[in-house]
Amino acid sequence: MGVMTMSKWLGRQWVRDGLLGAALLCATLALLLYPRQAMQAARDGLQLCYDVIIPSLFPFFVLSSLVVELGLAGYLGRALEKVMRPLFNVSGACASAFALGFIGGYPVGAKTAISLYEKGMCSRTEAERLLSFCNNSGPAFILGVVGAGVFGSSKVGLLLYLAHAAASVCVGILFRFYKSGGSKLDRERPAPRFQAQRFTAAFTGSIKNSFLSTLNICAFVVFFTVFIRLLFLSGVLSGLSWVLGTLLSPLGFSQEWADRLLTGFLEISSGVWTLSGSGALAGRLSMAAFMLGWAGVSVHCQVLSFIGGSGLSVQTYLVGKLLHGGLS
């Protein structure tokens, strides 16, 4: 009864507007109270973009865009149709999003899937299935940052990557049954009339669009770096950690573990670095696997910015990432 009353209460427009206004006011006060810390967090976020985000993502964004624009996904699709269709119930052209998602890391796979849908190379249902499992962490991040950097072991990094990959495949197999009957529109969908661009046009367009996409991601990274720092300084994250730790104490969760989980829930890079401290190795590995599968709210915002007005289901994507984290 209390949950239903709360849901009805939050369903009122003036209540939502009031809560949003209060949150924005608190954020403004936090910036005024901790200006130096906020500026330093922004610098840290920009440094992360300069050192990691731009070098690792920009080349793969260009590559994924060229694969779609030049029609290479179509050739790849004809070769892999007999693999992708029985395994994931998607066309062979979707193999490009699956492969690039594993190689390039977040959010290359999701961006490629959306591009395939917008170019008419896969149906809406196929694109939504892809979004549930193709947005994965790249090997460089798991093996280098998490394995060698956080846990000091390349073997641990390999173990986490294999678990990450296996869980992704399992999510894809589960979502092959998503709208398996197929809508009438999908069954009657004509063959796509996609026309590959000339290399010069595709190359220049890919460079421009990839640069803008990379800047978009950097903006989210900087924002969440500052946001998490302010949550720490204001004591909000500590309070939430105490509540979560109390609720999960029967499972052996302490406030420290709850703090790690909440940080990783919001931002993947900050979350995995908290696991370099104390605690049982098995527990830290399990939490790292979940964080890598879930990817963090920051990554989800990046993906949602690409989904935009495409009409693709956001719910399908989020459920897939939650399953990915749990299975990992």
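**Loops, a pocket and a patch**

Modeller: Let me begin with Asn-89, which is found in the loop between helix H4 (72-88) and H5; please keep in mind throughout that this is a predicted model.

Biologist: What is the phi of Asn-89 like?

Modeller: Asn-89 is not a glycine, and yet its phi is positive, at about 60 degrees.

Biologist: And is Asn-89 buried or exposed?

Modeller: Asn-89 counts as buried, because its relative accessibility is 15% and the cut-off for buried is under 20%.

Biologist: OK, which loop is Ala-295 in?

Modeller: Ala-295 sits in the loop between helix H15 (281-294) and H16, and this residue, although not a glycine, has a positive phi of about 85 degrees. With a relative accessibility of 1%, Ala-295 also counts as buried.

Biologist: Staying with H15, where is Leu-285, and is it buried or exposed?

Modeller: Leu-285 belongs to helix H15, and it counts as buried because its relative accessibility is 16%. Its C-alpha atom is separated by 8.4 Å from that of Leu-275, a residue ten positions away along the chain.

Biologist: Switching topic, how much space is in the largest pocket?

Modeller: The largest pocket holds about 480 Å³ of space, and 26 residues line it, with Val-52, Ile-53, Ser-56, Phe-141 and Ser-269 lying nearest its centre.

Biologist: Which helices supply that lining?

Modeller: At least two residues of the lining come from each of helix H3 (35-69), helix H5 (95-104), helix H8 (139-150), helix H11 (199-234), helix H14 (268-273) and helix H16 (297-307).

Biologist: Which of them gives the most?

Modeller: That is H3, which contributes six residues to the lining of the largest pocket.

Biologist: And what is the lining made of, by class?

Modeller: Sorted by class, the lining of the largest pocket consists of 17 nonpolar residues, eight polar residues and one charged residue.

Biologist: Now the surface: which residues form the nonpolar patch?

Modeller: The patch is formed by Leu-25, Leu-29, Leu-32 and Leu-33, and together these residues have about 440 Å² of accessible area.

Biologist: Where does Leu-32 lie, and why does it count as exposed?

Modeller: Leu-32 is part of helix H2 (residues 13-33), and it counts as exposed because its relative accessibility is 63%, where the cut-off for exposed is over 50%.

Note on methods. Residues numbered from 1 in each chain as written. Predicted model: local features only at pLDDT ≥ 70, side-chain atom pairs only at ≥ 80, totals over all residues. Heavy atoms only, no water. Patch = residues over 30% accessible without salt bridge, like charges linked within 9 Å, V, L, I, M, F, W, Y side chains within 5 Å. Areas by Shrake-Rupley, 256 points an atom, 1.4 Å probe, with all protein chains shown as cover. Salt bridge = Lys/Arg side-chain N within 4 Å of Asp/Glu carboxyl O. Helix = DSSP H or I, 4+ residues; strand = E, 2+ residues; numbered from the N terminus. Buried < 20%, exposed > 50% of the residue type's maximum accessible area, 1.4 Å probe, protein only. 1 Å grid on protein atoms, 1.4 Å probe; cavity = no way out; pocket = protein on both sides within 12 Å on 5 of 7 lines; lining within 4 Å. Points joined across faces, edges and corners; volume = space filled by probe spheres on them. Nonpolar A, V, L, I, M, F, W, Y, C, P; charged D, E, K, R; others polar.
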